[in-house]
Amino acid sequence: MDTQDLGVLGYVSGVFGIRGWLRVHADTEFDDSLFDYPVWWLGRNGEWREYRLEEGAAQNKGITAKLEGVDDRDVAFGLRGCQVAVPRAQLPAPADGEYYWNDLVGLAVFNRAGESLGQVESLFETGASAVIVVRDTDTKHLIPFVGVYVLDVDLPGKRLTVDWERDY
């Protein structure tokens with residue numbers, strides 16, 4: 001499966017119990033929405049493998065999942081750190097002004113003056129808002145993903161324009 005055909009929705013954060021259950025951090029609005037997809041793709045470093053979801057449960061801090069073929073703690077432990085993805089064709093289209101996080105990763109980031117700030121390396125949730133991590137060779141910027149700072153998202157042009165200075 002080509003990574004361009006996959007939408008990353010979270011990652012395996014650890015193991016749960018001794019029977020192969022995984023702890024999963026979902027980067028979705030509702031953690032348990034991952035259970036809407038009967039087949040997950042797990043991967044890292046461009047290597048992906050398909051798994052069928054057998055069971056899932058919501059927990060206090062994320063979700064746990066049992067995948068077909070992952071039957072003991074050692075196998076589950078080997079999947080720690082893998083991204084969890086589903087085929088993009090199965091994902092609903094984002095509403096106007098909303099974006100899938102993995103579509104933003106890799107975008108070039110420029111400020112209002114046209115200065116390059118680097119590329120979107122990742123995003124994370126703070127509770128108040130999502131934050132984009134922008135990195136160039138020397139600097140890392142943490143920019144809240146809110147309208148006052150993020151002025152334009154141009155996915156086809158692979159560009160993000162922000163109201164942010166290089167020395168912030």
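**Close-up 1. Asp-136 and Arg-166 form a salt bridge, with their closest N and O atoms 3.3 Å apart.** The two ends come from distant parts of the chain, 30 residues apart: Asp-136 sits in the loop between E9 and strand E10 (140–144), while Arg-166 belongs to the segment after E12. Arg-166 is partly exposed, at 37% relative accessible area. A few terms for this and the other views: a salt bridge here is a side-chain nitrogen of Lys or Arg within 4 Å of a carboxyl oxygen of Asp or Glu. Buried is under 20% relative accessible area, exposed is over 50%, and partly exposed is in between (1.4 Å probe, protein chains only). Strands (E, at least two residues) and helices (H or I, at least four) are DSSP runs, numbered from the N terminus. This is a predicted model, where local features need pLDDT of at least 70 and side-chain atom pairs count only at pLDDT 80 or more, while totals for chains, interfaces and linings use all residues. Residues are numbered from 1 along each chain as its sequence is written, and side-chain values use heavy atoms, with hydrogens and water left out.

**Close-up 2. Glu-121 meets Arg-135 in a salt bridge, the closest N and O atoms being 2.8 Å apart.** Glu-121 is in strand E8 (residues 116–125) and Arg-135 in strand E9 (residues 130–135), so this pair ties together parts that are 14 residues apart in sequence. Both ends are partly exposed: Glu-121 has a relative accessible area of 39%, and Arg-135 comes in at 36%.

**Close-up 3. Glu-54, Lys-66 and Asp-71 are linked in a salt-bridge network.** In the Glu-54 to Lys-66 bridge, the closest N and O atoms are 3.5 Å apart. Glu-54 lies in strand E4 (residues 47–59) and Lys-66 in strand E5 (residues 62–67), so the pair joins parts twelve residues apart in sequence. Lys-66 is buried, with a relative accessible area of 7%, whereas Glu-54 is partly exposed at 41%. Searching the whole structure turns up five salt bridges.

**Close-up 4. Strand E12 (residues 159–162) pairs with E7 (residues 108–111) in the parallel sense, and with E11 (residues 150–154) antiparallel.** Pairing here takes at least two bridges found by DSSP between two strands. Four bridges join E7 to E12, and Phe-110 stands opposite Thr-161 in E12. E11 and E12 are also joined by four bridges, with Val-150 opposite Val-162 in E12. The hairpin of E11 and E12 has four residues between the strands, and there Lys-158 takes a positive phi near 55°.
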